[in-house]
Every structure is written in structure tokens, then in C-alpha cells.
Amino acid sequence: MIRIAAVGDVHIDKDVVGRYRPALEELPDKADVLLLAGDLTRHGTEDEARCVATEFGGLGVPVIAVLGNHDHQSDQPDAVTRVLTDVGITVLEGTGTVLDCGGTRLGVAGVKGFGGGFAGRCASNFGEPEMKAFVGTTERIADSLADALHALDCDVKVALTHYAPVPDTLAGEPLEIYPFLGCYQLGRAIDSAGTALALHGHAHHGTERGTTPGGVRVRNVAHPVIKQAYSVYHLLRDEADIDSHSLVHAGQ
């Protein structure tokens with residue numbers, strides 16, 4: 001059994017440092033890995049990234065992250081990434097990594113993602129250059145997620161994004177902002193690669209549980225949704241060995 005802890009949208013700054021740490025110190029007894037689903041900072045500054053590094057560095061389990069839109073606000077994503085990697089946090093963007101979890105190889109592929117909407121109510125790559133650039137960005141990022149997932153040499157695959165890959169986990173958000181919270185192209189990428197679980201954040205007023213059209217379990221782990229330092233999801237090893245769409249159990 002693989003135990004995956006996850007949280008997103010923690011929006012760390014100096015006033016938040018220490019809030020999550022007591023629960024995080026218990027991670028080695030509860031999880032094999034911690035996944036961070038973006039919006040780790042408030043405004044994407046290097047100083048805020050150092051606060052994230054203080055909070056989430058040196059936990060005794062591997063930590064894997066993607067950045068979110070807040071982490072890009074100050075146009076310093078490279079600096080934010082550098083600060084996090086310096087304390088051992090793996091930051092993914094169109095890339096993947098593989099961990100040995102008790103003899104089972106867990107592969108995680110991640111991207112920030114982007115908006116665009118969902119089937120039947122989405123932007124299209126047509127018209128003005130600005131619209132084509134917007135949707136082109138969505139498509140490029142989703143393609144990079146698909147490539148990263150397909151490249152993983154592992155037993156079980158997990159997709160980590162900030163933006164949502166399905167509308168299910170947006171329930172509770174105003175319908176008018178769905179196109180700014182995620183896109184169907186991410187879900188299509190996830191379905192293309194035999195993924196066992198997809199984790200995202202971004203939708204603070206959304207719902208935890210959803211499913212892609214292809215049947216992959218999706219979990220919105222934004223802190224305002226899960227209302228705890230992290231949630232832990234169990235991937236059953238025997239089922240994962242038999243079927244890549246293995247059953248996911250959620251727990252504390």
C-alpha cells in the first residue's frame with residue numbers, strides 16, 4: 001500500500017510559518033510522500049519561498065510540488081523553484097519523478113496547468129491572436145503533462161496539478177469562473193496514461209472528490225477544502241499491480 005499525503009493552496013508567508021509544522025512532523029508515521037498542489041506562496045516572492053522551505057523542508061518523507069498561479073505573481077518562478085529545490089523539495093513542470101515506496105515504484109508527473117474550461121463550455125483555439133495564445137498555452141501545458149506521465153517507468157502513476165482537470169471538484173464555485181479554474185485538456189492527458197490518481201488545488205470553494213471521463217479518481221486538496229494540514233490517500237498495492245486505475249481510499 002502506498003500512502004500519499006497531499007495539500008495545496010497553503011499561501012505561506014511569515015505569519016503562517018509554523019502553522020502546519022506540528023502535523024507535518026508526524027508525516028513519516030502516516031505517509032510515504034507529500035505532494036504539494038501549488039499556490040505555496042501568497043505572491044510568489046523569493047522571501048515567501050523561503051518561508052515555504054522552512055515549513056515543508058526536512059520532513060522525513062520526500063516532498064514533491066508544482067507551482068500555482070500565486071507562485072507566478074511576482075514573475076519569480078525560477079527563484080521560487082530554486083529555493084524549494086535547495087531544501088530537497090522536487091518541483092515538477094512538465095516533468096516526473098519516481099520513488100520506491102516499499103518495493104512499489106510510484107511515479108508522479110506534474111504541471112501547474114492552466115484555464116480554458118470543460119467540454120461544451122470551453123475556450124477554443126480560434127479567432128483573435130490573444131484567444132489562440134490563451135488556448136495554445138493550455139494545450140501546450142496539457143501535452144507536457146501527458147508526455148511526462150507516459151515517460152514514467154513505474155508501477156503506479158499519479159498526476160499532480162494546480163488547476164483542475166475536471167469540473168466535478170469545482171462544485172461550489174461560481175459557474176462563471178470554471179474556465180479560470182481548470183480545463184478538460186488536463187483530464188484528457190491524465191486519462192491517456194493509465195493514471196491511478198490525480199491531485200489538484202486552486203478551487204478554494206470546490207469539492208474534494210471527482211472522476212475523469214476515463215474513470216481516474218480526482219481529489220481537490222486545496223487547504224480550504226480539506227480543512228487540515230494534509231489528507232492521506234491510500235493506493236492499494238495489489239490492485240495497483242493488477243489495474244492501473246486502482247481504488248483510492250481517502251483518510252486523515
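Two residues are in contact when heavy atoms of theirs lie within 4.5 Å. The structure is a predicted model, in which local features need pLDDT of at least 70 and side-chain atom pairs count only at pLDDT 80 or more, while totals for chains, interfaces and linings use all residues. Residues are numbered from 1 along each chain as its sequence is written, and side-chain values use heavy atoms, with hydrogens and water left out.

Eight helices and 14 strands make up the secondary structure of the chain (DSSP runs of H or I with at least four residues, or of E with at least two, numbered from the N terminus). The radius of gyration is 17 Å, close to the 18 Å of the globule rule for 252 residues, so the chain is as compact as a globular protein of that length. Both figures rest on C-alpha atoms and on a rule of 2.2 Å times the number of residues to the power 0.38.

| Property of the chain | Value |
|---|---|
| Box filled by C-alpha atoms, along the principal axes | roughly 50 × 45 × 30 Å |
| Buried residues, of 252 residues | 52% |
| Contacts joining residues at least 24 apart, among those at least 6 apart in sequence | 72% |

Buried here means under 20% relative accessible area, with a 1.4 Å probe and protein chains only.

Val-158 lies in strand E9, residues 156-161, and counts as buried because its relative accessibility is 0%. Beyond its neighbours within four places in sequence, Val-158 has contacts that include Ile-4, Leu-35, Gly-107, Thr-195 and Leu-235. Leu-40 is 118 residues from Val-158 in sequence and 20 Å from it in space, C-alpha to C-alpha.

Conventions:
Buried means under 20% relative accessible area, exposed over 50%, partly exposed in between (1.4 Å probe, protein chains only).
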